[in-house]
Amino acid sequence: MPSDERRRISDLDTLKAIGHPLRLKLYRALHIKRTATASQLADQVDEAVSLVSYHLRKLADHGLIEPAEGQGTDGRERWWQPSSRGLTYSDTDFDDAPDRAAVYAAANRMSFDQHVELYRAHQSARHTWDAEWRSASWSSENLLRLTAAELAALSQEMGALIDRYEEAGRARDEAGDTEGRESVALHTYGFPFRP
């Protein structure tokens, strides 16, 4: 059974495992579907089932996903689920050596590239969504003057707000309230910069 907590990745091998582009796509797809087989995920990411199965096993080897018990009627297909509510990783766990910091930076860049790819796909298909979804969608840039402590507090408050919406939406979805419910990507970043 998946943990209700987010898993903090602090070891280099696990970060390398999730830092693979296809594995991160598979993890995200599985996180949204909650449970799926390699064939279902292969269709979603447009890759061969054998390749997807291999990468799912690698994610499982690092405890990022696990077999989903009681799914399906065909014993030949293995069902998977995320092993936790989500993943987090922090540069403080990888800044003790240049090679570790480099892997952390590469994983973050790859993740960001996938965020951009997802947003670009949305922009290309924006016209296919009805007016209600188009008006509910947003993007914004806020340029603030904060201290590190204020930025940390903002991050915690935003995380708590997002958690409330995620928990409520998941509970309603699991209770059968699926009408009009879609997967929503929410990417937020807070970082210092010097103009």
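Tyr 89, Phe 94 and Tyr 104 form one aromatic cluster, where rings of Phe, Tyr and Trp (its six-membered ring) pair if their centres lie within 6.5 Å, with planes under 30 degrees apart counted as stacked, over 60 as edge-to-face and the rest as tilted. The model is predicted, so local features need pLDDT of at least 70 and side-chain atom pairs count only at pLDDT 80 or more, while totals for chains, interfaces and linings use all residues. Residues are numbered from 1 along each chain as its sequence is written, and side-chain values use heavy atoms, leaving out hydrogens and water.

A search of the whole structure finds 4 aromatic pairs. The pair of Phe 112 and Tyr 189 is edge-to-face, because the ring centres are 5.4 Å apart and the planes stand at 70°. This pair links distant parts of the chain, with Phe 112 in helix α5 and Tyr 189 in the segment after α7 (148-174), 77 residues apart; helices (H or I, at least four residues) are DSSP runs, numbered from the N terminus.

The table lists relative accessible areas, where buried means under 20%, exposed over 50% and partly exposed in between (1.4 Å probe, protein chains only).

| Residue | Relative accessible area | Class |
|---|---|---|
| Phe 112 | 40% | partly exposed |
| Tyr 189 | 44% | partly exposed |
| Leu 146 | 41% | partly exposed |
| Gln 114 | 10% | buried |

Gln 114 lies in helix α5 (residues 98-125). Leaving aside neighbours within four places in sequence, Gln 114 is in contact (heavy atoms within 4.5 Å) with Pro 21, Leu 24, Lys 25 and Arg 28. Leu 146, by comparison, is placed in the loop between α6 (131-136) and α7.

Terms used. Helix = DSSP H or I, 4+ residues; strand = E, 2+ residues; numbered from the N terminus.
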